[in-house]
Amino acid sequence: MAETASVYRVPARPARAVPPVVLALRRLPKPRLTGLGGGLFAASTMFALGCLDWLLLDGSAVVYGMLFLPVSALTALWVREADLVTAPISVPIAFAVGIVPIAGGTGGFGGQTMAVVTALAVHAGWLYGGTLVAGLITCVRKVRMMSRRQRRRPGPPTRRA
């Protein structure tokens, strides 16, 4: 009796469908802001959100703090790799700029300054949280950048005896 070989085809694993949200996000532009541009983006966005919060919600600090977190993340994601260190520095400054409209001070410059300082002290949790978000994102981006550079670098030269 002659031996015969049988070939069985294993069905290929079906390709995983990419969600439409991911496809839409991949089509968006990837802005790269300088350190100054990232700071200006964060400060102007937080000031505009603070004014909107004051107009629409009578200065709700919780809403302002919750809006601060995504602005911190976007600032850390959009800053150039050469300027990564500026994102965790500019984000708290942006928080302070944006809290001016909702601080609610009266009595001139001194009263407004004291209201801003008090609001910064009372809402320090949001400030620290947003700074932590920006710091973590920039740290991850820095580690990934260093590992990419390490992979591109050729190995050490070999010594010949």
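## Exercises: salt bridges and surface patches

Aspartate 83 is buried, at a relative accessible area of 16% (buried means under 20%, exposed over 50%, partly exposed in between, with a 1.4 Å probe and protein chains only). A quick note before we dig in: this is a predicted model, where local features need pLDDT of at least 70, side-chain atom pairs count only at pLDDT 80 or more, and totals for chains, interfaces and linings use all residues. Residues are numbered from 1 along each chain as its sequence is written, and side-chain values use heavy atoms, with hydrogens and water left out.

**Exercise 1.** Find the salt-bridge partner of aspartate 83 and classify that partner's accessibility.

*Solution.* 
- Step 1: the side chain of aspartate 83 meets that of arginine 80, at 2.9 Å from N to O.
- Step 2: arginine 80 has 34% relative accessibility, so it counts as partly exposed.

**Exercise 2.** How many salt bridges does the structure hold, and which residue pairs with arginine 148?

*Solution.* 
- Step 1: the count is 2.
- Step 2: arginine 148 pairs up with glutamate 81, their closest N and O atoms being 2.5 Å apart.
- Step 3: this pair ties together distant parts of the chain, 67 residues apart, with arginine 148 in helix 7 and glutamate 81 in the loop between helix 3 (61–78) and helix 4. Helices here are DSSP runs (H or I, at least four residues; strands are E, at least two), numbered from the N terminus.
- Step 4: both ends are partly exposed, arginine 148 at 28% and glutamate 81 at 30%.

**Exercise 3.** Work out which helix gives the nonpolar surface patch its largest share.

*Solution.* 
- Step 1: patches take residues with over 30% relative accessible area and no salt bridge, joining like charges within 9 Å and nonpolar side chains (Val, Leu, Ile, Met, Phe, Trp, Tyr) within 5 Å.
- Step 2: Phe47, Val85, Ile89, Ile93, Val97 and Val100 make up the patch, with about 520 Å² of accessible area together (Shrake-Rupley method, 1.4 Å probe, only the protein chains shown counting as cover for residues).
- Step 3: helix 4 (residues 87–98) supplies the largest share, 3 residues.
- Step 4: Phenylalanine 47 sits in helix 2 (residues 35–57) and is partly exposed at 39%.

Definitions and conventions
Salt bridge = Lys/Arg side-chain N within 4 Å of Asp/Glu carboxyl O.
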